[in-house]
Amino acid sequence: NINIIFTYPNSDPGSEYIVEKLKKFIKKNSNSKIYKSLGHELFLQFLKNCECIIGNSSSGIIEAPLIGTPSINIGDRQKGRLLSQSVFQCSNQIEKIKNSIEKILKKKKRNNQKCAYRGSNVSKKILRVIENIQLDQLNFKKFNDIKF
């Protein structure tokens, strides 16, 4: 008895498989829709008016807490980011995801939780962190080039 909105995954290898599964789900569930892209403004409107966001996108870590929408972050794609109180971290096990959804739906209180990305003097704090970064100690994301 809940509406479900999906957005396409990014174009990483395996994304076609995910889109195929989502389309099959939507055919069987009239309360669900999929969008290739919502655009920034429409996405934020959906995010503000939904019960929660589920996935492994930075939107669930950054934008959702700023708006006051709880999120379920699945897996470790966002590992190392600060997590707000409204972010539920879980593995990709179905039972753990269901449990997180149930916790969010039972909890009616929103917007009063501490957000890791909100505060006073944010730009000064960011500048202080940047000034102290040891560039030779950064871990860079690794990419695998595909030969054609």
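Colleague: Which residue meets Lys98 in a salt bridge through its side chain?

Modeller: Please keep in mind that this is a predicted model, in which local features need pLDDT of at least 70 and side-chain atom pairs count only at pLDDT 80 or more, whereas totals for chains, interfaces and linings use all residues. Residues are numbered from 1 along each chain as its sequence is written, and side-chain values use heavy atoms, with hydrogens and water left out. A salt bridge is a side-chain nitrogen of Lys or Arg within 4 Å of a carboxyl oxygen of Asp or Glu. Lys98 has such a contact at 3.9 Å, N to O, and its partner is Glu95.

Colleague: In which helix do Lys98 and Glu95 both lie?

Modeller: Helices (H or I, at least four residues) and strands (E, at least two) are DSSP runs, numbered from the N terminus. Lys98 and Glu95 are three residues apart, about one turn of the helix, and the element that holds both is helix 4.

Colleague: Is Lys24 buried, partly exposed or exposed?

Modeller: The side chain of Lys24 meets that of Glu20 in a salt bridge at 3.8 Å, N to O, and both residues lie in helix 1, four residues apart. Buried means under 20% relative accessible area, exposed over 50%, and partly exposed in between (1.4 Å probe, protein chains only). Because its relative accessibility is 46%, Lys24 counts as partly exposed.

Colleague: Why is the pair of Phe6 and Phe25 classed as it is, given the centres and planes of the rings?

Modeller: A search of the whole structure finds two aromatic pairs. Rings of Phe, Tyr and Trp (its six-membered ring) pair if their centres lie within 6.5 Å, and planes under 30 degrees apart count as stacked, over 60 as edge-to-face and the rest as tilted. The rings of Phe6 and Phe25 have their centres 5.6 Å apart and their planes at 85°, so the pair is edge-to-face.

Colleague: How many residues apart in sequence are the parts tied together by the pair of Tyr35 and Phe46?

Modeller: Tyr35 and Phe46 form a tilted aromatic pair, 6.0 Å centre to centre, with 50° between the planes. Because Tyr35 lies in strand 2 (residues 32–35) and Phe46 in helix 2, the pair ties together parts whose separation in sequence is eleven residues.

Colleague: Which helix supplies the largest share of the lining of the largest pocket?

Modeller: On a 1 Å grid over the protein atoms alone, a pocket is an open set of points with protein on both sides within 12 Å along at least five of seven lines, and lining residues have an atom within 4 Å of a point. The largest pocket is lined by 46 residues, of which Ile5, Phe6, Thr7, Ile54 and Gly55 lie nearest its centre. The largest share of that lining is five residues, and the element they come from is helix 1.

Colleague: How many residues of the lining of the second largest pocket are nonpolar?

Modeller: Of the 13 residues that line the second largest pocket, Leu82, Tyr117, Lys125, Ile126 and Val129 are the closest to its centre. Ala, Val, Leu, Ile, Met, Phe, Trp, Tyr, Cys and Pro count as nonpolar, Asp, Glu, Lys and Arg as charged, and the others, Gly among them, as polar. The lining has two polar and three charged residues, and its nonpolar residues number eight.

Definitions and conventions: 1 Å grid on protein atoms, 1.4 Å probe; cavity = no way out; pocket = protein on both sides within 12 Å on 5 of 7 lines; lining within 4 Å.
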